[in-house]
Amino acid sequence: MQHFLTTETWSKPNLQKILDFAKDLKQSPIQPLLKNKSIALLFFNPSLRTRTSFEIGIEQLGGHAVVLQPGKDAWPIEFELGSVMDGEAEEHVKEVAQVLSSYCDLIAIRAFPKFVDWQKDKLDTLLNSFAQYASVPVINMETITHPCQELAHIMTLQEKLGDLQGKKYLLTWTYHPKPLNTAVANSALMIASKFGMDVTLLCPTEEYVLDEHYMQSARSNCSQNNQNLTVTHNIEEAYSGAEIVYAKSWGALPYFGQWEKEKLIRDQYKHFIVDEKKMAMTNQGLFSHCLPLRRNVKATDAVMDSEYCVAIQEAENRLHVQKSLMNFLANQHSS
Amino acid sequence: MQHFLTTETWSKPNLQKILDFAKDLKQSPIQPLLKNKSIALLFFNPSLRTRTSFEIGIEQLGGHAVVLQPGKDAWPIEFELGSVMDGEAEEHVKEVAQVLSSYCDLIAIRAFPKFVDWQKDKLDTLLNSFAQYASVPVINMETITHPCQELAHIMTLQEKLGDLQGKKYLLTWTYHPKPLNTAVANSALMIASKFGMDVTLLCPTEEYVLDEHYMQSARSNCSQNNQNLTVTHNIEEAYSGAEIVYAKSWGALPYFGQWEKEKLIRDQYKHFIVDEKKMAMTNQGLFSHCLPLRRNVKATDAVMDSEYCVAIQEAENRLHVQKSLMNFLANQHSS
Amino acid sequence: MQHFLTTETWSKPNLQKILDFAKDLKQSPIQPLLKNKSIALLFFNPSLRTRTSFEIGIEQLGGHAVVLQPGKDAWPIEFELGSVMDGEAEEHVKEVAQVLSSYCDLIAIRAFPKFVDWQKDKLDTLLNSFAQYASVPVINMETITHPCQELAHIMTLQEKLGDLQGKKYLLTWTYHPKPLNTAVANSALMIASKFGMDVTLLCPTEEYVLDEHYMQSARSNCSQNNQNLTVTHNIEEAYSGAEIVYAKSWGALPYFGQWEKEKLIRDQYKHFIVDEKKMAMTNQGLFSHCLPLRRNVKATDAVMDSEYCVAIQEAENRLHVQKSLMNFLANQHSS
């Protein structure tokens, strides 16, 4: 049984299979592939696109989604093995995962980091615990990576540009008033490099470079595809000739949990906003972002409303790739 | 593409079409008219009837509803154009509306006024913004008017009284411990006058008269139907001969945002409660209310439990009119 | 019309009918028995298993569940008759029950006691009010008893042990840091005795004996089945020869509402935890619990992970018995 926890453990051909069938589903959205099947959507953090696209997606395939918000309208959950549960948690993930597996055919989970200790957050304990104890496939709806977004991102780029091999891809950090999750940035590096692009990471300082695990993964992918992973803090250099600009904000890992300190640094880099002047330096580059996006903070109105902005198309493609993914996972034993 | 934001811009024949088909759906509730279609229900405020009736309604027509509560289990949303989004809002309505349009066939919105500045609230910015950016029809589930309630109200009156032309219709203000939204009252005036009734508005003082926009709209409807719009503060005069009594509480607009002051006035008019003595003055009048209703504050138990109370029937009719409306809007291009 | 408020008013043969059809549904889960029907699930308290199993259950039978959380995403509700509703509640149960009855085919309710005054809580006013005013069957999803859990419990024991007549059944109190509801314990006594088992209640002191109403009900059931209801505070005596051990924690009724006092007593009995040593005293006893369970507080990891633990199976059976129950109630008039 295969989970979808991170694209790192998935081969490019298997991901391409999901992407190809997503194109098919975009043309013929109503197919009874998950007739009478169900998925539990566990949201430990809020969601609009993810929830709507998963819920409508499975309905269009004949199934049903149950939306659960543990700690809000369900019980808080324990994830450590062997612990004496005399704190807040009323239930262990072992039971939750087994019981949900007996009701549902798939379990999908959104659980952001706790933003206190990156060494703990990077273990992705919650997601991995569900995967360990569930007897049905588990899908990552964003934890410390966001693999569903990766699929939608690549599908959109393929729709626009065809084969992505050798394309100049820029992931740019942008400002945001809060220190955000690195998940989408980690994901962007991994998937862009896996699909053969020439990848540049633009960020204000060394401190904003992503976790070495993802840097190494991207470096290794690039090398296998005869491409480079470049890190730069120079805006002009980064944008020059870029064919894709993907924007995301995140908090600097060395200050993880000490966000007041980090804010003093972050506040100096508001000019990393994606604007028309920067986009003019690209090679007729596309712009995208995973949404939600703060207009005129991460990107200007002009960029968001431009013809080269594909953020809405990417958001729509979430629906199609997730339907394809659910079909792939839920029917993996029967095919 | 037609939205359903307010009945003001809808002709009586088109509204009657929706009402007529609602009667049909009341007889034959299961019809696959919205097979595989979906509606996003956005609740910025709580709901019981509206949510249940929309959700079950679309299921009975073969479709599916996704319930979203922005700011609660989804992101807070920005509505101003051009703003630098460095506050609480994580996302602009422009993106939300476009993305939801790519997932769903209809978008329905409940968003009460903020009760601070009526000049701002009366712009109905949130609803109008969604309508502006969405590429699918948008339905008002109560903002500063409540057009779905209007449909259910008229359907119920037509079931009981047949043609409504010339019927004596009383909208009476009642007491409530909190200053409530004028939406249902605005709606009552507009729809009663549009359907040709002789309309009286009973309220404690001049200060409780509704916004001039709705007064003018009702006056104009009445005049087109050779009827009158009467405002009175005299209970006996208002109830005498009424054939329909519709009750609602609302806060006085001149004190909008200064509710402590308004409360001193409002507290003097608890005797506006609808009771059997008042109903005895009517011409065998029907009583209704949009619900929720505080018993023995807005109307007595005796009135609520009487044979002439049609509030439950009106609530049930929400289901039928909304199904008819969704069908009308979602299938407007295909018919 | 029959409600499902407590098993006390249901005959064993009728309960067995529901259990038998549940076994059928476990084999053939997809049957269009509730095609286009709907159930309103009202949660006044959080839920994971109950909500998921009801929601997926009705979908598998062709129907739809609407999940409502009054006071959270719907209005707070009044339950007293004749009260002047000038407090928090915006709506009376009479209207809520009637309106939901006009939208749905079934209404299910979870409403835990308020834990202040047992004399009030034991009236189960909320549930009984809905049953009084609803015109569709009402299901108890846990108030002061938990009859759906009872069905799942008995189904599981019958799957494991066949006929339950004369089986030695132990309900043991266990420690929990909070004073919990007696519902599942009340239910366990009533259903174990109704199905002919020899029932022992193990609790730390006289003060932890359950409400006399349920004790009397169990005593009477036992006597009809030529069995005994035994109360003991001796752990060894209780476990010796037991064939079923069902664990649950609850607060002592004499201290109801004075939980700080009760905690001093409760804290002395942490050794009531179900562990391997205790289970070794049984007659190859099965262990179960209704979940959620705090590991290493109520039962050890070793017990929870043992082969004789049937808690997960019991949780799964919730799905099957509830589907059977919904079918029984919703189709009672048509068969």
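1. A disulfide is a pair of cysteine sulfur atoms within 2.5 Å, and in this predicted model the count of such pairs over all chains is zero. Cys104(A) illustrates the point, since the nearest cysteine sulfur, belonging to Cys148(A), is 17 Å away and Cys104(A) is in no disulfide; with a relative accessibility of 3%, Cys104(A) counts as buried. In chain C, Cys104(C) is likewise in no disulfide, with the sulfur of Cys148(C) as the nearest cysteine sulfur at 17 Å, and Cys104(C) is buried at a relative accessible area of 3%.

2. On confidence, chain A has a mean pLDDT of 96, and 99% of its residues reach 70 or more. The model as a whole scores ipTM 0.95 and pTM 0.96.

3. The arrangement of the copies deserves a careful look. Chain B can be laid on chain A by a turn of 120 degrees and a shift of 0.0 Å along the axis, with an RMSD of 0.0 Å, and that is the relation of a three-fold axis. Chain A is superposed on chain C by a rotation of 120 degrees with 0.0 Å of shift along its axis, again with an RMSD of 0.0 Å; here the copies use different surfaces, as 6% of the contact residues of chain A recur in chain C.

4. Over all chains the salt bridges number 54, and one of them is formed by the side chains of Lys178(C) and Glu90(A), at 3.5 Å from N to O. This pair joins two chains, because Lys178(C) lies in the loop between strand E7 (168-173) and helix H7 (183-194) of chain C, while Glu90(A) lies in the loop between strand E3 (77-78) and strand E4 (91-92) of chain A. The two partners can be described separately by accessibility: Lys178(C) is partly exposed, with a relative accessible area of 34%, whereas Glu90(A) counts as buried at 9%.

5. Within chain A, Lys167(A) and Glu243(A) form a salt bridge whose closest N and O atoms are 3.9 Å apart. The pair links distant parts of the chain, 76 residues apart, with Lys167(A) in the loop between helix H6 (147-161) and strand E7 (168-173) and Glu243(A) in the loop between helix H9 (235-239) and strand E10 (244-248). Glu243(A) is buried, with a relative accessible area of 19%. Another salt bridge of chain A brings together the side chains of Lys278(A) and Asp275(A), at 3.4 Å from N to O, and Lys278(A) is buried with a relative accessible area of 8%.

6. Where does Asn225(A) lie, and what does Asn225(A) touch? Asn225(A) is placed in the loop between helix H8 (212-224) and strand E9 (229-232) of chain A. Leaving aside residues up to four places away in sequence, Asn225(A) touches Gln165(A), Ser193(A), Lys194(A) and Gly196(A), and the side chain of Asn225(A) reaches the backbone oxygen of Lys194(A) at 3.5 Å. Since buried means under 20% relative accessible area, Asn225(A) counts as buried at 19% relative accessibility.

Definitions and conventions. Residues numbered from 1 in each chain as written. Chains lettered and ligands numbered in written order. Predicted model: local features only at pLDDT ≥ 70, side-chain atom pairs only at ≥ 80, totals over all residues. Heavy atoms only, no water. Helix = DSSP H or I, 4+ residues; strand = E, 2+ residues; numbered from the N terminus. Buried < 20%, exposed > 50% of the residue type's maximum accessible area, 1.4 Å probe, protein only. Polar contact = N/O pair within 3.5 Å; in protein donor to acceptor, adjacent residues only side chain to side chain. Contact = heavy atoms within 4.5 Å. pLDDT = per-residue confidence, 0-100. Least-squares fit on C-alpha atoms with pLDDT ≥ 70 in both. Salt bridge = Lys/Arg side-chain N within 4 Å of Asp/Glu carboxyl O.
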